[in-house]
Amino acid sequence: MMSLPEITRRPWGLWRRQALAVARLDLRKCFLGKRLVVVYFLALLPILLMAARTLAHFLMGDPETLPVTVQKFAVLYQTAFLRFSLFFGCVAIFTNIFRGEVMEKTLHYYLLTPIRRSVLVVGKFLAGLGAAMVFFGFSFTVMFGISFLTLDGASIRNFFAGGTGPGHFIAYLAVTLLACLGYGAVFTLTGTLFRNPVVPAFLFAGWESIHFLLPPLLKQFTVIHYLRSLFPVSLPEGPLAVLADAPPLWLAGPGLALFVLLVLALATWRTRRLEVTYAGD
């Protein structure tokens with residue numbers, strides 16, 4: 001006969017195994033399929049832009065100093081990479097983990113199994129998160145390496161060996177992975193709420209883009225709010241920005257984690273009330 005502690009621990013172990021099993025099943029779908037062509041393109045796009053910029057530098061022969069290169073990378077990272085490629089890549093990955101099953105008429109197989117809806121949401125979210133981190137972690141790493149080829153050898157050695165290069169790399173990589181976490185949770189919820197998640201995705205993109213205009217309370221309902229303190233290079237937000245301090249570094253991670261848990265809880269609530277009707281899909 002099992003003791004009471006063994007009985008109370010058992011469901012958590014079962015739920016963990018079920019969530020990991022769902023994640024393993026879905027992980028392959030997050031890397032392969034016609035719908036993911038756009039994800040590959042979005043992950044490749046920043047690399048191509050940085051490679052084109054570097055090639056133009058070599059062809060024109062214009063000298064470039066380390067501060068200029070660092071500033072230009074910060075601009076390209078926060079605009080082309082973070083706010084476009086990674087953002088819409090997460091739209092394509094995470095909205096597809098539920099909507100893709102509906103389009104392929106396979107979601108009911110999950111719903112007929114003896115598995116809690118919350119476990120199903122967590123498992124599918126973990127699969128999407130793993131894929132997003134691989135896609136855009138790789139994209140960022142290659143983009144970061146290419147960007148500093150415009151410098152001379154001595155500047156590169158000073159930046160990476162004895163300077164701030166490793167710190168910049170770690171900070172940007174942390175922002176990349178946390179952005180996948182935050183946007184992934186948002187678009188997991190979006191995929192459970194809307195039949196066509198494209199319009200809500202663009203609305204949320206607009207919400208994120210006007211972050212600098214929002215009052216401090218509403219800023220907490222954006223992902224970019226929790227990432228600002230991690231940027232190694234800050235960019236001006238413009239004269240119309242509402243002044244509000246970014247959360248301190250020690251609070252940015254827990255704050256984003258709380259935001260993600262809240263969003264996933266809403267996704268779980270919605271999934272518990274989900275009824276699959278393939279007619280019209």
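Okay, V38: at 39% relative accessibility, this residue counts as partly exposed, where buried means under 20% relative accessible area, exposed means over 50%, and partly exposed is in between, with a 1.4 Å probe and protein chains only. You'll find V38 in helix α2, residues 37-60. Helices here are DSSP runs of H or I with at least four residues, strands are runs of E with at least two, and both are numbered from the N terminus. Now look across to F88: V38 and F88 sit 50 residues apart in sequence, yet 9.1 Å apart in space, C-alpha to C-alpha.

Quick word on what you're looking at. This is a predicted model, in which local features need pLDDT of at least 70 and side-chain atom pairs count only at pLDDT 80 or more, while totals for chains, interfaces and linings use all residues. Residues are numbered from 1 along each chain as its sequence is written, and side-chain values use heavy atoms, with hydrogens and water left out.

So, the overall picture. Contacts next, where contact means heavy atoms within 4.5 Å. Taking contacts between residues at least 6 apart in sequence, 79% join residues at least 24 apart.

Let's zoom in on two more residues. Is T69 buried or exposed? At 1% relative accessibility, T69 counts as buried. T69 lies in helix α3, residues 66-94. Leaving out residues up to four places away in sequence, T69 touches R53, E64, S147, F148, T150 and L151.

Then there's I224, in helix α11, residues 224-227. I224 also counts as buried, because its relative accessibility is 1%. As for H211, I224 is 13 residues from it in sequence and 7.6 Å from it in space, C-alpha to C-alpha.

Now the helix pairs. Axes are lines fitted to C-alpha atoms, for helices over the stretch in contact, and angles run from 0 to 180 degrees between N-to-C directions. A crossing is left-handed if the near helix is turned anticlockwise from the far one by less than a right angle, and right-handed if clockwise.

Start with α6 and α8. Their axes come within 9 Å and cross at roughly 145 degrees, and α6 passes α8 in a right-handed crossing. Among the residues that meet are V121, F125 and L129 in α6, and T176, L177 and C180 in α8. By class, that contact has 15 nonpolar, 7 polar and no charged residues. Here Ala, Val, Leu, Ile, Met, Phe, Trp, Tyr, Cys and Pro count as nonpolar, Asp, Glu, Lys and Arg as charged, and the others, Gly among them, as polar.

Helix α6, residues 117-147, also meets helix α12, residues 249-272: the axes come within 9 Å and cross at roughly 125 degrees. That makes α6 and α12 oblique to each other, since angles under 35 degrees count as roughly parallel, over 145 as roughly antiparallel, 65 to 115 as roughly perpendicular and the rest as oblique. From α6, R117, S118, V121 and F125 take part, and they meet V260, L264, A267, T268, T271 and R272 in α12. The class count is 5 nonpolar, 3 polar and 2 charged residues.

Last pair: helix α8, residues 165-193, and helix α9, residues 198-209, pack at about 145 degrees with their axes 11 Å apart. Y183, V186, F187 and T190 of α8 make the contact with P200, A201, F204 and E208 of α9.
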